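These are my notebook entries on a structure I went through, beginning with the contact between two chains and then turning to local features.

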Amino acid sequence: MSFYVVHHGTNVIKAVSSSLPGIAMLMPIIGALLVFIVGDRSEKTRNILAIVFSAASFACCLTMFYSVFSHGKILQTKLPLFFGEFVLAADRLGLLFALVASGAWLFSTIYAWGYIQHEERRTRYHTFSLLTEAATLGIFLASNFFVLFVFFELMGMLAYVLVVHSQTYEARKAGVKYIFMTVYGGLSLLAGIVLYFAYANEIAFVPDEKSSYLLTSACFIAASFMMVGFGIKAGMIPLHVWLPLAHPAAPSPASALLSGVMIKAGAFGIIRLIGSLHGSPATPAMEGALASSAVAEHFPSVHASVNMGNLRVIGWALIVLAAVTMVGGMVLAIVQTNIKRLLAFSSISQMGYILMGLGAAAFLGHEGAIGLAGGVYHIINHAMFKALLFLGVGAVYYSTHSLQLTELGGLWKKMPVTTFLCCVAGLGIMGIPLFNGFASKTLLHHAIVEAANVGGPLIKAVEVIFIITAGGTICYIAKLIVLTFFGHYRGSKSEFHDSLEADSSNLSNPGPGSGLSFSGAAVKAHSFNEKQGTADSLEKHVSEVPLVMRIGMAAFACGIFAFGLFPGLVLSKIVAPLLSSFGNFDSHMVHHIASEHIFTLSNVKGILPSLGIGVAFFLIAAKWDLFRIRLPETFGIDYYYSKIEIGFLRLCLAGSKRHAELRAKYWPLAKSFGQYISDWVVDIRSRYRKRKRAVVDRLVTLPLDIQGFAAYIIARQFTGDIAYGTVIIALVIALLSIGVLIW
Amino acid sequence: MGGEIKSILPIFIIFMPWLSLAGALLWRNRRPSLARFVYVGSSVLTFLLILLLYPRAMKGIISTQAILDIAPRISLGFRVDTLGFYFALLLSVLWVIASFYSLGYISTRETRYYCFLSLNLSFCLGVALSANMFTLFIFYELMSLFTYPLIIHDETDIARRAGLKYLVYSITAGAIILAALTMQFYYSGTLAFTGRPAVGGAGISAGVLKIIFSIYMLGFGVKACIMPLHGWVPDAHPAAPAPASALLSGVILKVGVFGILRLVYDVFGVELLRKLGVSLPMLYVASITIIVASIFAITQTDLKRRLAYSSVGQVSYIILGLFLLSKSGATGALLHIAHHAFMKGTLFLCSGIIMHELGTKDVREMDGAGAKIPLTMIAFSIAALGMMGTPVTCGFISKWLLALGSVEAHRGYFIPVLLISSLLNAVYFLPIIYSAFFKKVTVKKLISHEAPLSMLFSTLSCVVFVLVLGVFVTVPGLPYSLIKIVMKVIPL
């Protein structure tokens, strides 16, 4: 058992070798293999295997929890892979994420048992779901940037199969966007990590103490590259374009994982990045001078606070981007009519919250513990309520085969459990007290207020945006729940034609069943849609979803209650230990967070403006029917990305065509020149040899002639060295004889 | 560490492939299956013989064997250092895979094909094991000429034209190398590879050295398909049968690269190249080749032509890494020789199966191929992802090292070249994978099934290398461990 001590912040944390992190990652891989082998031979065995192995992984993470969080250990598994430094390590931050991921995976797999039985290619789904789980756990348990990168790329590639699972036109289109954004992200990340490795002299998350990495501009460049790489995965506007296509296109359990867990890998990467910038040469305390504009501080002259400068600039940029992400995602979520698209934009908006917290943590540097606390807390919460919302919407789709808000309604009578669970998730995401979103949003609000105290008017504006976005969140979630579950069932009079239209148009309804002509299940849905259309037929066909699906959803709801009712416990037992192990935050602030009271009057009052704004939004939008507004295509950044991509491809094609044209134009010229040379050589040869050999193929013998001629010229030039002449002659004879041999 | 011992083994290694000539003579007509056994067996035996050198190579001991002195200071001889051993090992492994694959693929003109295949192995090994530039040149020329029958194997008009083009390019290149060789000999008086740079201390003026270097590069650049000299590659690859194109791309292009390796490490030496300042222009040329070849690859619809252009680009990765003249860069370059050999080998072997089973080589007609030949397409996908540099395939390892090498050499601006190339690789490989697995079946041939066992098995074993080299990098005996020993000798 190897045993050494790492000085990590103020605490002394022991690194202990243990096989548990490795096993946690190995379990899903073994599971995937077994699932693949069993395949369609026995549906039941296969589903149970998938659940058992994801449960095993969850159990491993739970086992590690105690020793990591209470005893302050880091559990490490050394694997003899890659360049030998391939270590999986469960520190507090990584383990927390791994726990959330494996838990979400377990319950989503349980849910998938019910959900996926109407889809095709079930074995492929389970196999790749488990493989993706392994890769995701690998990201969270990575001990350095290299390991993180390896698994980050793997997760991106493997999740592609989940995104295009239904193989409809929409899904494939979403898949193309997804995979290319993943490739861009991977390349950017690689550049960042290579620069980090080269300049920081260290691949671990904390740069080498002796290197001056934090003081160089390379640090800033590397961090920017990494930020782009992680930001793409985190759905940060303007890098989000894949997300609103890919998340709705995947089957619901996969959407839940994509939105609940996988985009968090991006946020996780950004946390690691911030940690690396905190870095070891002790971060100098904040000075009054730092209150001035952050950008101007970017390359200050040699000064002790320069590393803080880099961190602050990154934090400042992150806060601004997060504000755009928040509000952009919120606005776009409000105007969606497809539920899953609405939820996808909601995910973007919520990632904005998280990024804002992380940005505040970076911006405040030494005193940014509250930002990280809010960010991490919100990451856990969002994993639960967004996964639950996606699963709930999946249940609605399972029963009604519709994802259009304009067609649903009044489902609460037929699907009471689903309705209840979705309401819980909705209240959670709205940030209503006693539900989990309240605690994290309160922390985030504190964080942005503190950042605004230091950062000036722009950050103050972000605070306002934060409150407005919280209002908007309430509005779109209310819209979702009211239009789906309450009121009366609307249906559509010409549903058949609508669904066909939806299939052919790119914008609406990219749900799993939109490719009606392809999969058998969807064809059933088709005929089903045709038959119904009135509220009466709703009575006949719609029923509550199977038990396994309800179990999967209920588990998430329990989490929402647990994290919403006992925020004090979460803060003191999970968040505060995590903060104390991370970077070098002010320990007083960490203690303060550990004993923070969430349910105070001022905190509850804090959400009232948001609530008011939300209700007002909702009423105004409902009155003027703004929910169905269609923004022009040119409004989205994706439009311009596509233009650039297509332009680039056109450029390639044009370049290649021009090359061919030039070749066609000048080839005869080159050929006649060759002819001329060849004639010349033949002429010289005949002069030398005194007799003409039959030319088998003049063009082929030409190079041999050139060779012989060159050799002769060289030999003549370097006369005196007789030995050399011998060589040349021997050589020419050898080559000529070979030529004859061939012909 | 180090030292030299005399050993007769290299001679045996060189002549072992000739066994298949005997097999052809004896059993060609009477017992064809036995003859086939001998063809494949000879390459396996060669591989085993090369393995005998493994302990020495791991200790950095050099085996030498002089054969004959043609003139004072000019001789034929063998000298196996770790670099040569690495290349020879790679050659023989790939040859075993390709000849095993050929059992299922080649149905006409078998004898000619296998004899020339084996002779080519012999000559390529000669290049790898040669003790001086003269020996290298002789084997290099023989190899160039003996590849011709493999390219025109089908004897169609297209194949003949491609073969002609190949021959013109190669033999002209041979003449150019000869000129450079002569100049080197004239000015420095030695052609031997001794581990110390041959032209370093001879007091030759920088201008002459630059000229010698340029002429050498012009000669070896044809085989290593550096951009203006690449013309034969996209014609020869599609014309040759699949296993032959796998070898062309996997190994024979690398023989040119091997010549450049000897040039850089044994003739000029890193120090001298730094002083001469010739590495930067080479880096530019390599970068242009990487990007432009990838752009050309995008526009090709013939699968094998696309792969051939991809090879042009990938071989320049090696050139790029080599001329970065930094430790990680050189390691990445040397590793990429093997990595690209296995990845591109897999891709070409798969393209053979695709043509064999689906009857098409147009990339637009492969919708749903994954349902018909799943194992082949999985192998294809893994290798293609490797070309893009996805982790757990070996392409990632070389990309990582090359990127690191360019930072080490304080030339971080070559990282974008690697990244853009990866992106372009994605642009021309992903659509194939995507249409194979996620589109409805539209392939012409209705009844198709997996290829014959020998083809499938060798393709899969090739793709296993892609994964193993990408994950178990440091295992002794795999390229990385060998290259670490090579790197100890090279003053970087």
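Entry 1, the interface. I first looked up the contact, counted as heavy atoms within 4.5 Å, and found that 62 residues of chain B and 60 residues of chain A take part in it. This is a predicted model, in which local features need pLDDT of at least 70 and side-chain atom pairs count only at pLDDT 80 or more, while totals for chains, interfaces and linings use all residues. Residues are numbered from 1 along each chain as its sequence is written, chains are lettered from A in the order in which they are written, and side-chain values use heavy atoms, with hydrogens and water left out.

I then looked up the buried area (the accessible area, 1.4 Å probe, that two parts lose on being put together, summed over both), and for chain B and chain A this is about 5,400 Å², 84% of it on carbon and sulfur atoms. Among the elements that give two or more residues to the side of chain B that touches chain A are β2 (62–71), α8 (157–188) and α19 (415–438) of chain B, helices being DSSP runs of H or I with at least four residues and strands runs of E with at least two, numbered from the N terminus. The most comes from α8(B), with 13 residues.

Asn201(A), although not a glycine, has a positive phi of about 60°, and I placed Asn201(A) in the loop between α6 and α7 of chain A. The peptide bond from Ile237(A) to Pro238(A) is cis, with omega near 10°, and Pro238(A) lies in the loop between α7 (217–234) and α8 (243–249) of chain A.
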